[in-house]
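Trainee: Hi, could you walk me through this one? I'd like to start with the contacts.

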Amino acid sequence: MSHNLHGTFVSQKVNKIRWRPDSFNNSHFFITGSWDDDQNTIKLWDFQENEEDDDIYPFLVATHNHNGDVTEAKFLNPDYLLASSSFGSARLIKIENKYNEISLKDEITWDHLHYFNNKECSPCNSFALYENDIVTVGEDGRINLLTAQSKLIVRRIDEADSCSLQCVIFLKHNEILTSNLRGQMKIWDLRSKEKTAINTFMLSGDHVTPTCLTFHPTQRHLIIAGDDLGSLTTWDLRHNTYPVNVLNAHEGSISEIQFHPDNPDQLFSCSSAGEIWHWSTKGKAGITMEDSNIWLAPDNIKNKLEVFTLMPNLGKPINSLDLNRNRIICGCDNEAIYLINGITLYN
Amino acid sequence: MEGDLKTFIIPNDLCRRTGLAASWTPINQMSVFAYEKRNVRQKDGPSNFASSQPSSVFLLRQHVLLFQPILRKLVNESNGAFLNLQGVISDKTLDHKSELLKLSRQYRSIVRACLEDLQDDITKVEGEDKETLQDYITIFYSIECIWHLCEILFVDTIPGNIVLPLLLDWVRFHFPKHERNAANMLSGDLIGLEANPEFWPTVIGSLLQGRVKVVRALLKQHSASDSHVFRLVDQILKAMPVYNVFSGTSVSEFNIQWRHWTVDVQSKIDAKMFVTSPNLNLIMRLVVGEETAWTEIQSHCETWYELLAAWLFYTEPTVKIFEVGQFAKHCITKMRMRNNMKHLDRVLLAAMEFDVLQVIKEIQHMSENGWFVTHLTDLLYHAGKLSNLEKEVETFSAEKLHESFLLDYGSLLMGHKSLWQVGLSYLDFCPTEGLKAIELILPRIPLETEAKTQKILREAKNRELVHVAQSICKVQGMKSLKRGRLGNALTWALKSQDGPFTSFLADKFLHEYTKDGKLASTDLLDNLGSCMLASDRLIFLGKYYEFHKLYQSGEYKEAANLLVSLLASKIIPNYFWYVLFIEAIPLLESEEIVFSSNDTYTIIHCLEEKEDLPELKDKIEILRLAAARNLSRALTYEAQLV
């Protein structure tokens, strides 16, 4: 394989890492969010590539203090970034470029989005974006609907779940899917006045906790969840709420999964056992249009997929990964970030 | 040890008046607070110092240099190398010796990177910070220097034990001044180079580091280089034999060549052929090892080991690795340093004398919290350099020494908020005490968020510490309970597989219901599944919820069946009988008969058993009446069927 690997130690465990989107070029800015430190930070870095020098280093552009662990971070657009915290807050951060000096600035701060009844703040575990709509979920089982244009909370569902909510994604502009500690998946209609979910189903019978959710880039009804036992479970929400297939994959819990946006048959996953994998479908021959989506194949899915290890095992959890064209960055608990260049996309 | 005592003043008035007490908090912190000593005879009551004012508890922690952000890179990166090393050792197919050498170099490059970072940083700060950074640089510079020498002496494979080329490399690496100067001179303006005041010191310096070619190149640039004496010196230096183990010349053969050459040079010196140029004369006297000349240039050497390498190069070029120690002592005497040996000097001397134990003893006292001694000992241990000590020193065990360093270093890191995962990977390689230490420390890491709890839990499960995992789940369950998240608490209780705790929580659910008639966390109760079997009380809760659902959806017949089987099952908590009886009344009185006569007997039977329950007092009559009426209806109905 022709990819190459660059590691940099950053003196903080990295919980989230995201490329700053750039619609015209390869992204070279990215942000990292730390966790489990005395003072956590969000940092903006620049991986400026140099043609002559083979050894590239990320160059620290700006640092922004963050109260609590950075539990999730996502870009709304190239200039705005949303980050959530284990102290129950969320922040909209702007990347400002003034007098050629780039800095991070809080645009909107939503404090106390998540809290327990005894006034303790609750971690905001995750959030999902749909254009300017934001949905946050937390350990307190609460769901908040926000918009990036206002400090007001648009809607709040208290006690939406009796267990702590781990993940959330948008299915449609008005529908979200949440998953909780016990592996219950719930679909909510945000327009409905009801405080109950419109549909509930289980990840598996054994109360496994889903650790990440994603949908297929071109077929949004196809949902994949990674769980804390290292399996990938697929659903086709058009038909029913039974999993189409379950794939035992990683050793530890799956931290994140991501489809390649332009090559939907390529999937990337990383795990707490320090593995980062590239999933690709095996040869195209014999597959008709109808079942071209390999993830919906009910059985023998394993025979149709190839898995490549992108990096030697670190022995420490890889918490986050992000993809930009054929470059992956990942952030780990050994306080390092890695850039993997030149991923081969098998077509 | 007395000299090492340190006093800390706790800046608090209350503490000053009462006196102090301290206790350990997990893992390496101490909490200090005001405390008045009482004895048994004193009355048990608030002391004179008691007040409603808030008082302070002071947390004390050892200052750990490694926790500085700039050094955390070193901690983490070296952890990667450490883990690789353990991987190499467990892989029997690899050539351990060469792999260990690679890893040793990797460690050194990590230290080098750290030094470069520190040097970068020192230019950015002022004042006290600068001094601290300077201290760090000194520490890590020593580490690099010692590690390099230990690598040469203990890890590297040296063909024929001819150690000199490596020693020269070592000196050149750590005293790069002359090389830099020479390079600058040769790349700069070449005319009148000797006018540069650094010219001759650089020539001599290069000569001492054995860079004969550089010396010749520099001399060529001297404006008098065409003179006879310069040409002669150039010829002599060119003809100087250099031992190379791969050249095929045997040591004795080389020694003959060498002696011929020195005799030749000596005769030329004796013929006063170089007196026109005192500097060149000095060079010639040096290369033949003339004592007085070496005494003259001692001041060119910053340290004794610089002199040692130079002296060996010109007098004992084929010195064997085990002879280095005695020459080292000789050089120290020559430089009159015996009485003011610094720490670094002592370690280097010990290494040259192959006294591994002494090296380890000395580097333990370096103030970088054991990073160096842990990693170096680990390397030497796996290179097999400690096991031969067992024969020499009584009561010495290589394994124990190795493990004790890992244990100390690992537990130190476990005490840091963020570095606990790194600490774990060291404790993992302590064969006897490691797991026990993990067992003690892991449950003491603060559980701030569920995400962190899950990570700690995973570490416990990976090490099959089932009870640690269970107790962590229980703690998380109690936390949820305190926060009023009963459903979440139950989930954690189920994860902890603790029956009594699960029952306790199920009781909570039922108590809440008896209070306000609402069942909490129905989304959870809906999907209990096989988890229900964790405790009797939970089974009851699950079944009761099922009854509740049937009742509410109007399926009275099924509800009644469930109720009767519940009553017969004997898993009903005492406080809940009342609720079940009350809920049976409407079913007994329902238009359609839902209880058969047998069912009704069961109800009556239970009622008679529980008639003494105080809550039932004013309801018992109604219940009896309802049961009797239902019985009569049921009997009549059943009689029709026969």
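Trainee: What share of contacts in chain A between residues at least 6 apart in sequence join residues at least 24 apart?

Mentor: That share is 49%, where a contact means heavy atoms within 4.5 Å. Keep in mind that this is a predicted model, where local features need pLDDT of at least 70, side-chain atom pairs count only at pLDDT 80 or more, and totals for chains, interfaces and linings use all residues. Residues are numbered from 1 along each chain as its sequence is written, chains are lettered from A and ligands numbered from 1 in the order in which they are written, and side-chain values use heavy atoms, with hydrogens and water left out.

Trainee: Thanks! What does the secondary structure of chain A come to?

Mentor: Chain A has one helix and 28 strands. These are DSSP runs numbered from the N terminus, with helices being H or I of at least four residues and strands being E of at least two. The radius of gyration of chain A is 20 Å, close to the 20 Å from the globule rule for 347 residues, so chain A is as compact as a globular protein of that length. That radius is taken over C-alpha atoms, and the rule is 2.2 Å times the number of residues to the power 0.38.

Trainee: And how far does the C-alpha trace of chain A span along its principal axes?

Mentor: About 60 × 55 × 35 Å. Of the 347 residues of chain A, 61% count as buried; buried is under 20% relative accessible area, exposed over 50%, and partly exposed in between, using a 1.4 Å probe and protein chains only.

Trainee: How many bridges join strand 14 to strand 15 of chain A?

Mentor: Six, with the two strands running antiparallel. A:K172 has A:E175 in strand 15 of chain A as its bridge partner.

Trainee: Now hairpins. Which residue takes a positive phi in the hairpin of strands 7 and 8 of chain A?

Mentor: A:G88, near 85°, in a hairpin with four residues between the strands. Five bridges join strand 7 (residues 80–85) to strand 8 (residues 90–98) of chain A. Strand 8 is also joined by nine bridges to strand 9 (residues 101–110) of chain A, running antiparallel. That hairpin has two residues between its strands, and A:Y99 in the turn has a positive phi of about 45°.

Trainee: Switching to rings: how many aromatic pairs are there over all chains?

Mentor: There are 34. Rings of Phe, Tyr and Trp (its six-membered ring) pair if their centres lie within 6.5 Å, and planes under 30 degrees apart count as stacked, over 60 as edge-to-face and the rest as tilted. A:F30 and A:W45 have ring centres 6.3 Å apart and planes at 10°, so the pair is stacked. A:F30 lies in strand 3 (residues 29–34) and A:W45 in strand 4 (residues 40–46) of chain A, so the pair ties together parts that are 15 residues apart in sequence.

Trainee: Are A:F30 and A:W45 buried or exposed?

Mentor: Both A:F30 and A:W45 are buried.

Trainee: Where does A:R142 lie relative to A:Y115?

Mentor: A:R142 lies over the face of A:Y115, at 3.8 Å from the ring centre. A charge sits over a ring if NZ of Lys or CZ of Arg is within 6 Å of the ring centre and within 35 degrees of the ring normal.

Conventions. Pairing = 2+ DSSP bridges.
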